[in-house]
Amino acid sequence: AVNFSNNNVSLAALSESGGTIDGTGNLTVTTDFNQTGGTIGSTNTFANVSLTKTSGTLNAGVIKAVTNLTLISNGDLNVNGVLNSGTSILLRAGDSTAAGTATGGDVNITGGTITSPQIRIYTGSLGSTGVATRVGANNSRYNSSFVTTNFSAPLGALNAIYREQPKLSINDATKIYGTNDPAQPITGYIN
């Protein structure tokens, strides 16, 4: 176990595969974070945690913060553990990829829990594993990124913001005037 008591810790790289990393200040990893086991913030939970992976996939397990928890990856961001924060959680995958581009990195939630009063998930494709299920209906925005907002509806406590811009195609539609107005079923859409 490593304990950074009453200190702010800033590292270029941190790879955790077991044990516990604790502290009461802020923990920042600027370039190369990866977690394949262990716990960050179990006892003296860090005030703010900001972990970045600039190349490749960021894997996140058990991470806790008193105030804010931010995970940033220029590739995929895989969550399979417990993320917990007292104020907000911000997950950003494909962070350097422009709005409107589905490829470049997704948030993939394959297990565990994500708990915070405010959760924002910035991801790429509509096929991001576990994201739509986690945020529920009417909590998604599209064709946007962390730096580009192409929506006007306000965000709530739990939202997914997709870089992908979905398109709805309706083929072979027939409408007979006066029959079944206005109900016309539409199926196959996401969220």
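This is a predicted model: local features need pLDDT of at least 70, side-chain atom pairs count only at pLDDT 80 or more; totals for chains, interfaces and linings use all residues.
Of the 191 residues in the chain, 39% count as buried. Among the contacts with a separation of 6 or more, 34% are made by residues 24 or more positions apart. The accessible surface of the chain amounts to about 9500 Å², and carbon and sulfur atoms contribute 50% of that area.

In soluble globular proteins, nonpolar side chains tend to be buried together. Here the largest nonpolar core has 32 residues, and the members that touch the most other members are Ile40, Leu51, Ile63, Leu71, Leu83 and Leu91.

Ile40 lies in strand β3, which covers residues 26-40. Ile40 counts as buried because its relative accessible area is 0%, and the cut-off for that term is under 20%. Apart from its neighbours within four places in sequence, Ile40 is in contact with Leu14, Glu16, Ile21, Leu27, Phe33, Gln35, Phe46, Leu51, Val62, Ile63 and Lys64. The C-alpha atoms of Ile40 and Gly61 are 8.6 Å apart in space, while the two residues are 21 apart in sequence. Ile63, itself one of the core members named above, has Ile40 among its contacts, together with Phe33, Gln35, Val49, Leu51, Leu69, Leu71, Val82, Leu83 and Asn84, when residues up to four places away in sequence are not counted.

Rolling a probe the size of a water molecule over the atoms shows where empty space is left. A search of the whole structure finds one cavity of 30 Å³ or more, and the volume of the largest cavity is about 50 Å³. Its lining is made up of Ala93, Gly94, Asp95, Tyr122, Thr123, Ser144, Ser145, Phe146, Ile161 and Arg163, and these lining residues divide into four nonpolar, four polar and two charged.

One of the lining residues, Gly94, is found in the loop between β8 (88-92) and β9 (107-115). Gly94 counts as buried because its relative accessibility is 2%. Leaving aside neighbours within four places in sequence, the contacts of Gly94 are with Ser73, Asn74, Gly75, Gly104, Gly105 and Arg163. Arg163, which also belongs to the cavity lining, is 69 residues from Gly94 along the chain, yet the C-alpha atoms of Gly94 and Arg163 are separated by 9.0 Å.

Most residues other than glycine have a negative phi, and most peptide bonds are trans. Asn138, although not a glycine, has a positive phi of about 65 degrees, and Asn143, likewise not a glycine, has a positive phi of about 55 degrees. Asn138 sits in the loop between α1 (131-135) and β11 (140-141), whereas Asn143 is found in the loop between β11 and β12 (158-162). Asn138 is exposed, because its relative accessible area is 63% and the term applies over 50%. Asn143, by contrast, counts as buried at 17% relative accessibility.

Conventions. Residues are numbered from 1 along each chain as its sequence is written. Side-chain values use heavy atoms; hydrogens and water are left out. Buried means under 20% relative accessible area, exposed over 50%, partly exposed in between (1.4 Å probe, protein chains only). Contact means heavy atoms within 4.5 Å. Accessible areas come from the Shrake-Rupley method with a 1.4 Å probe; for residues, only the protein chains shown count as cover. On a 1 Å grid over the protein atoms alone, a cavity is a set of points where a 1.4 Å probe fits but cannot get out, and a pocket is an open set with protein on both sides within 12 Å along at least five of seven lines; lining residues have an atom within 4 Å of a point. Grid points are joined across faces, edges and corners, and a volume is the space filled by probe spheres set on the points. Ala, Val, Leu, Ile, Met, Phe, Trp, Tyr, Cys and Pro count as nonpolar, Asp, Glu, Lys and Arg as charged, and the others, Gly among them, as polar. A nonpolar core is a set of buried Ala, Val, Leu, Ile, Met, Phe, Trp, Tyr and Cys residues joined through side-chain atoms within 4.5 Å. Helices (H or I, at least four residues) and strands (E, at least two) are DSSP runs, numbered from the N terminus.
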